[in-house]
Amino acid sequence: MEEIYFAGGCLWGVQEFIRHLPGVISTEAGRANGVNTDTKGEYDGYAECVRTQFDPQTTSVEQLMAQFFEIINPFSLNQQGQDVGKKYRTGVYSQSKAHLDKAKHFIDLHPSSKKIVVEVLPLSNYVKSDPEHQDRLTHYPEDYCHIPSSLLHKYKQ
């Protein structure tokens with residue numbers, strides 16, 4: 001099992017999409033690369049993200065990147081859909097240099113790579129989101145989501 005973190009706007013939709021991808025073992029809503037050790041207090045620079053544990057025998061970082069790019073606008077800085085602000089930026093984070101290299105290579109191969117604003121950085125801090133944010137759209141499917149419903153469950157079986 002390997003682990004990578006995806007930030008793609010509001011984490012509710014990102015988690016709901018990623019949890020159904022082939023090879024994904026588990027997901028968890030959280031906050032990447034802030035400074036706090038809990039969810040209390042003021043905004044600390046984090047990006048809303050989804051901790052993604054996957055089976056590298058079934059899927060790859062490159063495949064996960066391709067699927068991630070289906071649900072984000074990689075050219076939009078600090079905004080996905082109606083969600084605006086630095087915490088809604090797009091990013092890929094990992095403690096594995098190999099994961100980061102593969103993510104950067106995926107972006108470099110994109111025809112408009114120079115315009116892509118998805119950050120690819122080492123994971124410096126991770127905080128699990130509060131319980132009401134975990135699998136939010138599974139529990140409350142009518143809640144807001146910036147990802148169109150036809151795409152949200154594209155991989156659900």
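Modeller: Helices, of at least four residues, and strands, of at least two, are DSSP runs, numbered from the N terminus. The model here is predicted.

Colleague: What does UniProt place at Cys 10?

Modeller: The UniProt record, an unreviewed entry, puts the feature "active site" at Cys 10.

Colleague: Is Cys 10 buried or exposed?

Modeller: Buried means under 20% relative accessible area. Cys 10 has 8%, so it counts as buried.

Colleague: Which residues does Cys 10 touch, not counting those up to four places away in sequence?

Modeller: Glu 48, Asp 83, Tyr 88 and His 146.

Colleague: Take another loop residue. Where is Thr 59 found?

Modeller: Thr 59 sits in the loop between β3 and α2. Its relative accessible area is 7%, so Thr 59 is buried too. Beyond neighbours within four places in sequence, Thr 59 contacts Pro 22, Gly 23, Phe 54 and Leu 64.

Colleague: On to the strands. How many bridges join β6 to β7?

Modeller: Four. Strand β6 covers residues 90–94, β7 covers residues 119–122, and the two run parallel.

Colleague: Now the aromatic rings. How should I describe a pair?

Modeller: A pair of aromatic rings is described by the distance of the centres and the angle of the planes.

Colleague: How many aromatic pairs does a search of the whole structure find?

Modeller: Six. One of them is Tyr 5 with Tyr 126, 5.1 Å centre to centre, with 55° between the planes, a tilted pair. Tyr 5 lies in strand β1 (residues 2–8) and Tyr 126 in strand β8 (residues 126–128), so the pair ties together parts 121 residues apart in sequence. Tyr 5 has 5% relative accessibility, so it counts as buried.

Colleague: Which residues do ring pairs link into a cluster?

Modeller: Phe 6, Phe 68, Phe 69 and Phe 106. Look at Phe 69 in particular. Setting aside residues up to four places away in sequence, Phe 69 touches Pro 74, Phe 106, Ile 107, His 110, Ile 116 and Val 118.

Colleague: How many residues does the largest nonpolar core have?

Modeller: 33. Among those with the most contacts inside this core are Phe 6, Met 65, Phe 69 and Val 92. The elements giving two or more residues to the core are β1, α1, β2 (24–32), β3 (47–54), α2, α3 and α5 (149–152). The largest share of the core, six residues, comes from α2. Another core lies apart from it, with seven residues, including Tyr 5, Ala 47, Cys 49 and Leu 123.

Colleague: With which residues is Met 65 in contact, leaving aside neighbours within four places in sequence?

Modeller: Phe 6, Val 92, Ala 103, Phe 106 and Ile 107.

Colleague: How far apart are Met 65 and Asp 83?

Modeller: In sequence, 18 residues. In space, Met 65 and Asp 83 are 21 Å apart, C-alpha to C-alpha.

Conventions
Residues numbered from 1 in each chain as written. Predicted model: local features only at pLDDT ≥ 70, side-chain atom pairs only at ≥ 80, totals over all residues. Heavy atoms only, no water. Pairing = 2+ DSSP bridges. Contact = heavy atoms within 4.5 Å. Phe/Tyr/Trp six-rings, centres within 6.5 Å; stacked < 30°, edge-to-face > 60°. Buried < 20%, exposed > 50% of the residue type's maximum accessible area, 1.4 Å probe, protein only. UniProt positions renumbered as here; feature names shortened; annotations may be inferred. Core = buried A, V, L, I, M, F, W, Y, C linked by side-chain atoms within 4.5 Å.
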